[in-house]
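Good morning, colleagues. I would like to take you through one assembly, beginning with the interface and then turning to the sheets. Please have the model open as I speak.

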2 protein chains.
Amino acid sequence: MRDLQTIANGALAAKQAMARLGTNAKNRALEAIADTLEHNVRQILAANSEDLEHAQHAGLNAGLIDRLRLTPERISGIAEGVRQVAALNDPIGEVLWMKTRPNGLRIGQKRVPMGVIGIIFEARPNVTVDAAALCFKAGSACILRSGKEAFHSSLCLADLMRGALEQCGLPADAINLVEDTSRETATRMMRLNGYLDVLIPRGGAGLIRAVVENATVPVIETGTGNCHIYVDASADLEKAAAILKNAKCQRISVCNAAESLLVHQSAAEAFLPLAAQALAPDHVRLHGCERTRAILGASVLPATEDDYAKEYLDYEISVKVVDSLDEAIAHINRYNTGHSECIVTESYAAAEQFLNEVDAAAVYANASTRFTDGFEFGFGAEIGISTQKLHARGPMGLEALTSTKYIIYGSGQIR
Amino acid sequence: MRDLQTIANGALAAKQAMARLGTNAKNRALEAIADTLEHNVRQILAANSEDLEHAQHAGLNAGLIDRLRLTPERISGIAEGVRQVAALNDPIGEVLWMKTRPNGLRIGQKRVPMGVIGIIFEARPNVTVDAAALCFKAGSACILRSGKEAFHSSLCLADLMRGALEQCGLPADAINLVEDTSRETATRMMRLNGYLDVLIPRGGAGLIRAVVENATVPVIETGTGNCHIYVDASADLEKAAAILKNAKCQRISVCNAAESLLVHQSAAEAFLPLAAQALAPDHVRLHGCERTRAILGASVLPATEDDYAKEYLDYEISVKVVDSLDEAIAHINRYNTGHSECIVTESYAAAEQFLNEVDAAAVYANASTRFTDGFEFGFGAEIGISTQKLHARGPMGLEALTSTKYIIYGSGQIR
């Protein structure tokens with residue numbers, strides 16, 4: 001077993017080699033990784049069955065076990081994902097701008113690899129490969145830390161990727177998995193200053209909070225989403241019902257799903273019954289304010305402060321009737337998590353005010369919040385959705401995994 | 001006295017108003033601030049003399065007392081700085097790109113204010129105004145924390161700025177100074193998650209370390225600089241001596257000053273005597289490797305590991321003869337702090353390799369490291385020099401104080 005310090009030293013050495021790799025060499029290595037995964041399906045499934053056995057023993061729920069499970073088809077899908085990363089444009093080396101200063105210095109800003117990227121994730125073995133491939137294409141070494149439920153699968157996948165790199169004559173240490181799953185080691189990883197250039201947690205609110213509180217390395221906070229749909233006075237109510245249904249029900253477990261509905265008072269009488277009807281086939285539980293309950297009846301549970309702040313990730317939603325657009329914006333800016341927010345309106349002024357004043361990574365007029373996604377945004381890939389304002393905000397593609405440096409060409413200039 | 005929580009609440013409320021301010025309103029407020037400072041010179045000097053008295057009592061050194069001291073000329077200079085910030089282009093509102101997706105969604109990335117910016121600085125009262133003006137122009141509220149040596153001056157300046165905002169009909173709470181200087185309050189400020197969108201320490205290595213270790217809010221790490229001048233085999237030795245002298249001696253106390261000289265073995269015999277001669281008028285102490293001492297004699301102190309890692313900020317420099325460009329790059333990547341690094345060379349290949357492979361915010365061919373500066377880079381202002389890779393790297397101007405959000409125009413799209 002390699003301990004964390006050995007891994008960190010290895011990653012630091014590998015980042016130098018990574019910084020020198022051209023696009024063709026990186027793409028060849030990614031293709032080799034994809035091939036290796038497809039050639040070793042049996043080995044991967046064997047490791048995965050260990051994890052599945054532990055999971056069943058530990059009584060994990062069916063949803064979690066399903067996310068943990070690999071199949072030949074899923075492994076093909078993972079390999080295909082690596083080939084798609086190989087096909088993406090290489091962001092490294094682009095000179096974003098270059099100008100000549102009055103003293104003759106030529107100054108340019110060039111996109112360069114981050115260096116060493118840390119990623120902590122939970123019980124999804126596929127993230128091992130997705131994350132490693134993106135970091136690799138972005139020219140960085142990575143240190144991954146898998147949730148213990150997926151550990152055997154993740155370790156097998158990491159070992160296969162490392163082997164593929166070696167076969168290409170590249171340092172295996174460009175891809176690393178932390179080889180124990182203790183909380184102590186995870187905390188030490190969050191404090192690898194001087195080794196990790198950035199740490200990205202991918203998982204639930206608990207994991208993200210632990211990273212934000214314990215990390216001393218730079219962190220990109222990703223993802224919880226208390227997303228709102230606000231139905232304005234002038235909304236097209238059919239559109240609003242369709243957007244609400246999609247944002248709430250199409251996939252309940254994701255961060256861009258809607259968790260709260262706000263309705264302008266003048267649209268409430270007409271819209272709330274439509275909303276209830278749109279959500280009924282999925283048996284969505286409503287937690288409403290008094291005015292909502294007056295319209296829809298006592299089958300709507302009373303909404304508490306807690307409900308307005310909650311990311312249900314379930315067939316539940318909070319509902320509030322508001323007096324005005326201003327109140328809607330204030331409510332959202334108070335309770336949201338900076339993820340995705342939508343107004344449904346036919347009013348130009350209302351749409352502009354909402355898009356301007358709501359403070360979130362993605363603000364929508366007349367479209368489902370479910371579009372907040374790297375692929376939907378056309379980035380070709382996604383490492384997560386940032387809900388902080390530093391470095392990257394919203395869906396993060398390859399560019400979010402890069403840094404820049406200034407390159408300066410002189411001819412003896414001094415100050 | 002307003003306690004930290006009161007200040008944080010006020011800043012959070014003010015950021016909403018700030019986000020709505022147009023460029024003209026911001027510029028008018030900045031002009032009003034500049035005028036107020038100039039009209040209240042006597043009040044500022046009175047507060048400053050309290051700080052100076054304490055400083056003399058406490059036996060602070062002359063350099064520190066000089067940095068603390070305000071004069072009518074310096075106050076004019078500070079006001080002039082505010083007017084220059086008013087004259088800068090407003091970065092807020094720019095749509096960096098907008099495209100239409102196949103489903104008809106129009107997605108754009110728009111530059112928006114950060115929200116609330118925290119800045120912790122040391123004994124330089126002028127930073128109170130410089131930092132507040134930049135944050136204000138960037139559309140954000142700020143919470144400033146002054147070193148206790150400059151506290152009375154900083155508080156007076158902050159109060160004057162707050163008054164000027166109120167006179168313009170704007171919320172005073174857009175600019176805040178933490179009103180006690182205890183370490184406990186500083187630590188609480190570093191953990192104002194949900195209030196501070198970013199925290200920037202401006203000061204020495206101790207302050208920066210304390211922030212990196214204690215902060216749970218996102219941080220931009222600024223500035224220590226162990227900067228190297230590498231004189232290559234093919235260097236123009238006159239140019240090299242001039243660059244070395246400028247980078248080491250022009251201003252010793254700044255982060256972009258040179259702290260270490262590396263010389264290719266084939267240039268060592270010819271260059272080291274020139275280097276010693278260039279540094280002699282300033283009585284620079286050399287800490288050299290064995291080969292350096294063999295050439296320059298025993299007046300050169302022996303260099304230790306510590307010397308290679310040291311940011312002297314004084315008339316001292318470490319000197320090492322290296323076998324090759326590769327060794328120089330490896331040495332720099334091992335000991336540097338990611339700030340500014342320079343190669344002096346007439347070789348195209350050597351320059352390109354150095355610029356590609358040295359890992360630092362600014363890499364120079366044939367120019368002094370002293371140019372790493374927001375003004376020298378043409379940014380018109382500077383809030384500090386980032387030595388991390390996230391968000392901003394190198395000199396930070398107004399844009400580094402902004403974030404982005406995605407604005408999405410739909411017509412009912414769902415997934």
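Predicted model: local features only at pLDDT ≥ 70, side-chain atom pairs only at ≥ 80, totals over all residues.

How many residues does the contact take from chain B and from chain A? It takes 74 residues from chain A and 74 residues from chain B, where contact means heavy atoms within 4.5 Å.

Residues are numbered from 1 along each chain as its sequence is written, chains are lettered from A and ligands numbered from 1 in the order in which they are written, and side-chain values use heavy atoms, with hydrogens and water left out.

Let me continue with the interface. Between chain B and chain A, about 5,900 Å² is buried, and carbon and sulfur atoms give 51% of this area. Buried area here is the accessible area, taken with a 1.4 Å probe, that two parts lose on being put together, summed over both.

The rule finds 8 salt bridges across this interface; a salt bridge is a side-chain nitrogen of Lys or Arg within 4 Å of a carboxyl oxygen of Asp or Glu. A:Glu357 and B:Arg20 meet in a salt bridge through their side chains, at 3.0 Å from N to O. On the side of chain B that touches chain A, strand E16, residues 402-413 of chain B, gives the most, with 11 residues. Strands are DSSP runs of at least two residues, numbered from the N terminus. By residue class, that side of chain B divides into 34 nonpolar, 22 polar and 18 charged. Nonpolar covers Ala, Val, Leu, Ile, Met, Phe, Trp, Tyr, Cys and Pro; charged covers Asp, Glu, Lys and Arg; the others, Gly among them, are polar.

How are the two copies related? A rotation of 180 degrees, with 0.0 Å of shift along its axis, superposes chain B on chain A with an RMSD of 0.0 Å. The copies are thus related as by a two-fold rotation axis. In chain B, the C-alpha nearest the axis belongs to B:His391, 1.8 Å from it.

I turn now to the sheets. Strand E13 of chain A, residues 362-367, runs parallel to E16(B), joined by 5 bridges; two strands pair if DSSP finds at least two bridges between them. There, A:Tyr364 has B:Ile408 as its bridge partner.

This pairing lies within an open sheet of 10 strands with mixed pairing, in the order E10(A)-E9(A)-E11(A)-E8(A)-E7(A)-E12(A)-E13(A)-E16(B)-E2(B)-E1(B).

Finally, E1 (residues 95-100) and E2 (residues 106-113) of chain B pair in the antiparallel sense over 5 bridges. B:Met98 stands opposite B:Gly108, and B:Trp97 opposite B:Gln109. E1(B) and E2(B) form a hairpin with 5 residues between them, and B:Gly104 in the turn has a positive phi of about 90 degrees.

Technical notes. Helix = DSSP H or I, 4+ residues; strand = E, 2+ residues; numbered from the N terminus. Least-squares fit on C-alpha atoms with pLDDT ≥ 70 in both.
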